Amino acid sequence: MKIRTLLFICCTTLMVSAVSAKDPEGKDTPKQTIHIVKMDKRVSELMADRVTIRKDMGLKELAEINARVDETLADKESLLFPADELYGSNWDTRWVDPFRGGSKVDMPDSCAIDCSTFVLPIDTMTRVTSKYGPRRRRMHKGIDLKVQVGDTIRAAFDGKVRIRNFERRGYGNYLVVRHPNGLETVYGHLSKSLVDVNDIVRAGDPIALGGNTGRSTGSHLHFETRFLGQAINPADIIDFENSVPHQDTYVFHNIKINGRKSNIYTSSSDQMVYHRVKSGDTLGKIARMYGTTVNELCRLNGIKSTSMLRLGQSIRCSAGRSSSVAAKTEAKPATEKAATTVAKVTKTTTVEAVTPVASLTGNAPANQDTEAVYHRIKSGDTLGALASKYGTTVSKLCEMNGISKTTVLKLGRSIRCK
């Protein structure tokens, strides 16, 4: 009897437990199972997102690596074949002017020269002992910097050595280095050369020792800057007082006389620059030549990056200044000798100056007005560039504005220039 009673109680307890496990409607509610399924789904989504993010990051890093590799390869190529688009395959190792032997040179309408990486070729304090220009019965095509015999001479820009030679009645021991920016620099009267022809050098690398060889009356460095074989006043490019370029980029313009190219170049960063399309030109090549981008060229010319370039088409390569301010210049020679005239463009005045060689920029003429002239600082402005632009000196700018040569110029600040 007792056993039956115990069995009955156990069965009743089990039935009550089963009924209590059901919801009021009599259906099972596996809540825990639903939560686990949802949790698994969220975890899967998060894992998938993580994989996608890591994949995107990997692609981005790979693209950056490829870009760096491409940049490195382009840099190496530009040093192996410096300014090849300007000089072509002309690599004469005899003459300072690479086209002296009669080689044909295709003079561009204009060309942008990147001077931002310039390094002063001497370590000592800058002292100019002889300027560029006529000297007695000949032309002094460079600038002389005081050095002692044995002082280190450095490369002014990245480049490749084109000439290492000796000239008893001229340069003495000298080097010529061609640079990817289109310039060539000449270093004369050296006591010893530390590099050889076809050596690649970086800006600031030691390339020679100062000396007193050749046609020289005392130890100094004869330093020249040339563009397509033509000597250009180094002081037009470099502010030797402060040992920095006047501007990071100079744009050379081929002056036209009577509608024909004169092969004489002048520079003005305020002028609009145009390039006439030749065979083999692409937007990318033109952008590199003028220090801009393909997108900027497309914006200036209202074209697409896929647009076909026609031979002879004029492509605008810089924004230039406002047409209401810009002064149009045209060189008009008065005599047959005026083929060497260079038109120099200032902010509001056109000046013609006669010089036997190419020139970059001239000093602005003195302002006839008594009113003060102010300049609002823009990105890239330096005291040297402002002094050159307004025809004054860095010392006078500092005196007028109560600043020193090392003062940081803040964007938007007004600087009195006259």
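Is Asp158 buried, partly exposed or exposed, and what is the relative accessibility? In this predicted model, local features require a pLDDT of at least 70 and side-chain atom pairs a pLDDT of 80 or more, whereas totals for chains, interfaces and linings use all residues. Residues are numbered from 1 along each chain as its sequence is written, and side-chain values use heavy atoms, with hydrogens and water left out. Asp158 counts as partly exposed because its relative accessibility is 21%; the classes are buried (under 20% relative accessible area), exposed (over 50%) and partly exposed (in between), computed with a 1.4 Å probe on protein chains only.

The protein chain contains 8 helices and 23 strands. Of the 418 residues in the protein chain, 37% are buried. The accessible area of the chain is about 25100 Å², of which carbon and sulfur atoms supply 53%; areas come from the Shrake-Rupley method with a 1.4 Å probe, and for residues only the protein chains shown count as cover. Among contacts (heavy atoms within 4.5 Å) between residues at least 6 apart in sequence, 61% join residues at least 24 apart.

In soluble globular proteins, nonpolar side chains tend to be buried together. A nonpolar core is defined here as a set of buried Ala, Val, Leu, Ile, Met, Phe, Trp, Tyr and Cys residues joined through side-chain atoms within 4.5 Å. The largest such core has 50 residues, and Ile153, Leu175, Tyr187, Ile207, Leu221 and Phe227 have the most contacts inside it. Helix α5 (residues 283-289) supplies the largest share of this core, 4 residues. A second, separate core comprises 12 residues, including Ile377, Ala387, Ile403 and Leu409. When residues up to four places away in sequence are not counted, Ile207 touches Ile153, Arg154, Ala155, Leu175, Tyr187, Ser193, Leu194, Val195 and Val201.

Salt bridges (a side-chain nitrogen of Lys or Arg within 4 Å of a carboxyl oxygen of Asp or Glu) number 9 in the whole structure. One of them joins Arg202 to Asp158, with the closest N and O atoms 3.1 Å apart. Arg202 lies in the loop between β10 (200-201) and β11 (206-210) and Asp158 in the loop between β6 (152-154) and β7 (159-167), so the pair ties together parts that are 44 residues apart in sequence. Arg202 counts as partly exposed, at 35% relative accessibility.

Buried residues also form salt bridges. Arg178 pairs with Glu184, the closest N and O atoms being 2.7 Å apart. Arg178 is buried, with a relative accessible area of 1%, and Glu184 is buried at 0%. Arg162, Arg178 and Glu184 are linked in a network of salt bridges. A salt bridge between Glu224 and Arg226 has its closest N and O atoms 2.7 Å apart. Glu224 counts as buried at 2% relative accessibility, and Arg226 counts as buried at 6%.

Glu224 also interacts with His222, through a polar contact of 2.7 Å between the side chains. A polar contact is a pair of N or O atoms within 3.5 Å; within protein, one atom must be able to donate a hydrogen and the other to accept it, and residues adjacent in sequence count only if both atoms are side-chain atoms. His222 is placed in strand β12 (residues 220-227) and is buried, with a relative accessible area of 5%. The side chains of His222 and Asp144 are joined by a polar contact of 3.2 Å. With residues up to four places away in sequence not counted, His222 touches His140, Lys141, Gly142, Ile143, Asp144, Tyr171, Val186, Tyr187, Gly188 and His189.

Asp144 is also touched by Arg127, which contacts Leu145 and Lys146 as well, residues up to four places away in sequence not being counted. The C-alpha atoms of Arg127 and Asp144 are separated by 8.4 Å, and the two residues are 17 residues apart along the chain. Arg127 is found in the loop between β1 (110-114) and β2 (128-130) and counts as exposed at 52% relative accessibility.

Terms used:
Helix = DSSP H or I, 4+ residues; strand = E, 2+ residues; numbered from the N terminus.
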